[in-house]
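Welcome, and thanks for taking a look at this one with me. Please have the sequence and the 3D view open while you read.

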Amino acid sequence: MKLKIPELSLVVLIGPSGSGKSTFGRKHFLPTEILSSDFCRGLVSDDENNQAATNAAFEVLHYIAGKRLAAGKLTVIDATNVQAEARKPLVALARDYHCLPVAIVLDLPERLCQDRNRGRSERTFGPHVIRQQSQQLRKSLRNLQVEGFRHVHVLASPEEIDAATIEREPLWNNRKSDHGPFDIIGDIHGCFDETKALLERLGYVVDVTTTGERTIAAKPPGNRKAVFVGDLVDRGPNTPDVLRLVMGMVEAGTALCVPGNHDVKLLRKLRGKDVQITHGLAESLAQLDREPAAFREKTAAFIDDLVSHYVLDDNGLVVAHAGMKETMQGRGSGKVREFALYGETTGETDEFGLPVRNNWAAEYRGPSMVVYGHTPVPAPEWLNNTINIDTGCVFGGKLTALRYPEKELVSVPAGAMYAKPAKPFHPAEFQTQALSPQQAHDDLLDLADVIGKRIVTTRLHHNVTIREENAIAALEVMSRFAANPKWLIYLPPTMSPPETSQEGSLLEHPAQAFAYFRHEGIPQVLCEEKHMGSRVVVVLCRNEDAARRRFGIVSESGICVTRTGRRFFEDLAFETELLAHLREALDRSESWKEFDTDWVCLDCELMPWSAKAQELVKRQYAAVGAASGAALRDSVETLKTAAARGADVASLLERSVERASLAEKYVTAYRGYCWPVKTLADIKLAPFHVLATEGKTYFDKNHLWHMSAISRFCKGSKILIETGFIEVNVTDEASEQAGIRWWEELTSRGGEGMVVKPLDFVARGRRGVAQPAVKCRGPEYLRIIYGPDYSIPANLSRLRSRGLGAKRSLAMREFALGVEGLERFVRNEPLRRVHECVFGVLALESEPVDPRL
Amino acid sequence: MLLTITTSTFPATDLGFLLHKNPARAQSFDLSFGKAHVFYPEAAEQRCTAALLLEIDPIGLVRGKPGSGEGHSLDQYVNDRPYVASSFLSVAIAQIFGSALAGRSKERPELASKPLKLEATLSVIPCRGGEAFLRSLFEPLGYRVSVEPHSLDPTFPEWGDSVYFTLHLQGTRMLQELLSHLYVLVPVLDNSKHYWVGEDEVEKLLRHGEGWLAGHPEKDAIARRYLKHRRDLCRDALSRLVDDDLEELESTRENQARQEAGLEEKIRLHDHRMGAVVAVLREVGAKSVMDLGCGEGRLLRDLLADKTFERVLGMDVSHRALEFASDKLKLERMPDIQKARLQLIQGSLTYRDKRLEGFDAAALIEVVEHLDPGRLDAFERVLFEHAKPRFVVLTTPNSDYNVKFETLPAGQFRHKDHRFEWSRVDFRAWAERVASRAGYQVRILPVGPEDAVVGAPTQMAVFSR
């Protein structure tokens, strides 16, 4: 006997002790699918037969079952389940997770169960227990359907049990293997002419046969398929032809259709139910009255067969009339059907007397795109990967289709206003509304999307884990200091130095940086001058209008942020001035046109260092300089006096003299990066990456491209400076030598050093993506990082043992997150998806890593 | 780091006997943090100078110490420690001049208890309280004090002076006294210690302060700073993110009470605020209350003390503040029945948060002024549109009142982390706009003694719906 059960169901095994439930379960289900009450008793009490532990055991069992059902996993309950009270919470559990409860009853003669139990030493209870269970089972049998079990299978003999096989059936809504491509069409409401016109716009050939029985066929272009979101009927002028077309296409397999609330109401009327003839039902009935009875019967059967919603294209797409929340997708229950037809309401009514809808889309976090209709909107707008394409054709709006996977909207205007809407769907506020629904929604991010341990999936580096304690630190910094999250589309990654040089008086040398890339199998690198200033990410819009349109920010036109997401300038006038200068530069070079954009995101270094880090320079660097200078000067003087009177302090004196000179070098080193900033002219901005413009990121362009794109708009500016660079082939000795000389020359002039990048922005190394950049700092710059005395050989030898693993791993994860966030942004994903990455970079930055690296 | 001690009491070379260090020889000593050298730049009977030079090993300081992997801000690695007089000097004095510090001398026992004409020079000593504080420590002990301040960087005169001084002391004291004074006061000036402060530090302070500390006018400051606890490791994760803002953070955290309360102390404003807020919460009959920006939990404590508040939630963006609150409220030892009423969570006022829904009332005491004006919009929506408590009690400084604070320069905020301070007019306008937008009623009340012209120091808005 074949027992058919839905692929996602809660299977409740029912039978007295000794009826063979566990054996049956083991035979037909995965061990992990079965939750046994005995096992749970064992979990909580170390004794599978401890009846005193029953309550606790069932709490555990229900809890695990809930987790499994939430995850969409079939679950089997192996317990006697002979009492209605025991089954009730299971039925409720199945309902909570919108899956079907299935009863499989093992109804064996009591005697057989008694015999089996006697053979089991661990079962100590008397025969009366099984007698009682058998009686309870008998009583239960006729009520199982009423209790809510949609599928009840009774196996009444050992032979039947042996012969039984289980067949798991997909739910009707499961069309995951159908990959389309699809043309999803909004609420039609009897507007046949517009439907025909829209289908033709989409490339369908619509054929109306008028001879004989009237039929309407539509042949799709290629292997495309239409998906109707329901509400085919009511209000409009030609419901019968709409039905004819859709029924024909569904029958021909060229369309799918989900039911709308109007369709279902028509069905009830056609089936003789007492319904109110309102909201345009009268029109449908009058039009259908002119059709033969058989057509009405066919219509009723068609609507009756419609499935509440469809899950298509490997979960990529969900179509339902009024939308579908994530927890209900692909599930089947009365509630799911209700949601598909009517959505959710809050219980309140608005000023037009209509129920207030709960905005499920605002809460939506699911990975599947949800396309729906039901509520007329002036224009379809994306919100959290959902879109309502009911553009009110019957109310004189448009009939709209969404092409999937292209995400392209196609619409045709209504021929007339066939019905008057109960509430204007062109609300006056819409005309003046500055922000899109997504942008308005994104004004506020949800804490639940950032706190706790999080795993972010990135294209470059798989999953990046954000630990809870780092998220805690990031939340504080983000909340107290960061700029408006809508501006924060990218934070730069940290950068690792090369392996430590083991020769001479150097800690870092280009040879190791070149060796790293050679080792990764990357021959071509670009060495870029490392500017010693402060990192700044600039987002620049062409004007305020562009900022509003693309970033959803009103009355601003750009921002400069630090590597931790703070506004770079406290003085906003300064920021405005710098942005204006940059804007002019892009105007002058016609870069807007070149990039076909009205905004740009640039990765830059801003000089002088002291412009942003003034307090740090004073508190840390200048303080050490002042203390060491004064202390060593006095020590040297005193030692000289002592030496003069013959004290044996020669080696101490010599050491102190050397240290005094190192202290001076230390001061010289940081001084070079400081100068006073009074006006914009005192600032230098060196952009080195064009990160993104409208619809594009530039991680696929090599660094020569970036240098040349930047060079074009830096020309003629006194503030924007180009970055010096040299190409090096790390498999060519001479080329490497040239790179090393270039570095020596840079650093001898007081430069910080250079950054060695693989020629390609994203370069694959031996194991996954290679470091996007390796910094190689000059010996004098390192003095301010490692301290005045670091170059004394005894110190240097100790400093050489430094571990790079943590820093490299951090750089890689931050790079992956940064790229991911920006790519999400240019794909127009909701802000929380971008923010997740940006927040992640900030959180990772709080991981403990040697700050001198 | 260099300390010189000079005497001109004849025969000055007896200094060698007192210090137990022969003026004819230069000596070196290994210490845990580096090397110490003792030598005599002059050694005549009229005048004799002993020098103690410390060579502190900066790399050794952070390497090879248990827990040294914990700290990760750059100032752990590059700092003034190798160059300045700090608790390292105290340790060196105790180890190298131990008997002199104890007032013993084998060869010249009578000299050890005799006042001598002494001079001492410290090069250099950090003093964050400035020259005035330096003088206030040494002058009451009978020294003539002269100080030489050092500029941060002569190339940038606009940066001003550093915290470092070369200090000269002159006075007629027993050598043992001079060394004790230095032993105690050098770490006090430096205001940090290189080692964990434990119980025995109190004993050391009492031992070395015997006979002079009790009568010192600055004895409270000396004791507090001498026993300063090592800086908390918890702060490190945060400091990595906000390196240039450490001081600011510190002031918002630990010194918040001090900085703001310093101004407001005389009028006990904080008590007024707590009283006023609790009074309003009682009056409106709130059963569940959240304290948003609860800080160290002062309001929470008051709320817990009153059983009519059945459910109390404290939220702060700072995890550290919550740890403080948890400590202060003795959460660990709180009876279950009381603990069940309280919840402490980290959260933010600029992110929507479901956990904040369903409360009767929210209190925000001196919180809103810590938000950037650009983020106020998000804050308003989080609180009034999503959390939607029936009542909101919000206090903020009244900037009109600032003229009454004599020590507060005009135009400056009461606290470094304040992003704005509202006048009474500004506050009313904001509160009324928010209320009308979100469907609340609002009334505004003064908190603290009211002045006829500038109003009360704090203003409070009570929103209800």
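This is a predicted model: local features need pLDDT of at least 70, side-chain atom pairs count only at pLDDT 80 or more; totals for chains, interfaces and linings use all residues.

1. Let's begin with chain B. This chain holds 18 helices and 15 strands. Of its 465 residues, 43% are buried. If you take the contacts in chain B with a separation of 6 or more, 71% of them join residues 24 or more positions apart.

2. Chain A is divided into domains, and some are made of two segments: domain 2, for instance, covers 181-308 + 370-428, while domain 1 runs over 2-169. Domain 4 (497-531 + 724-801) and domain 5 (532-608 + 677-722) are also on that list.

3. Where they touch, domain 4 of chain A contributes 12 residues and domain 5 of chain A contributes 13. On the domain 4 side, strand E26 (residues 524-530) of chain A gives the largest share, 3 residues. That side consists of 6 nonpolar, 5 charged and 1 polar residues.

4. Now for the two chains together. Chain B and chain A each bring 58 residues to their contact. Strand E3 (residues 34-43) supplies the largest share of the chain B side, with 5 residues. By type, the chain B side has 28 nonpolar, 18 polar and 12 charged residues.

5. Which strand of chain B pairs with strand E23 (residues 445-446) of chain A? The partner is strand E11 (residues 351-352) of chain B, in the parallel sense and over 2 bridges. Within this pairing, Leu445(A) has Tyr351(B) as its bridge partner.

Technical notes: Residues are numbered from 1 along each chain as its sequence is written. Chains are lettered from A and ligands numbered from 1 in the order in which they are written. Helices (H or I, at least four residues) and strands (E, at least two) are DSSP runs, numbered from the N terminus. A residue is buried if 20 or more other C-beta atoms lie within 10 Å of its own, exposed if 12 or fewer, and partly exposed in between; C-beta atoms are placed from the backbone. Two residues are in contact if their C-beta atoms, placed from the backbone, lie within 7 Å. Domain bounds come from an automatic or database domain assignment. Ala, Val, Leu, Ile, Met, Phe, Trp, Tyr, Cys and Pro count as nonpolar, Asp, Glu, Lys and Arg as charged, and the others, Gly among them, as polar. Two strands pair if DSSP finds at least two bridges between them.
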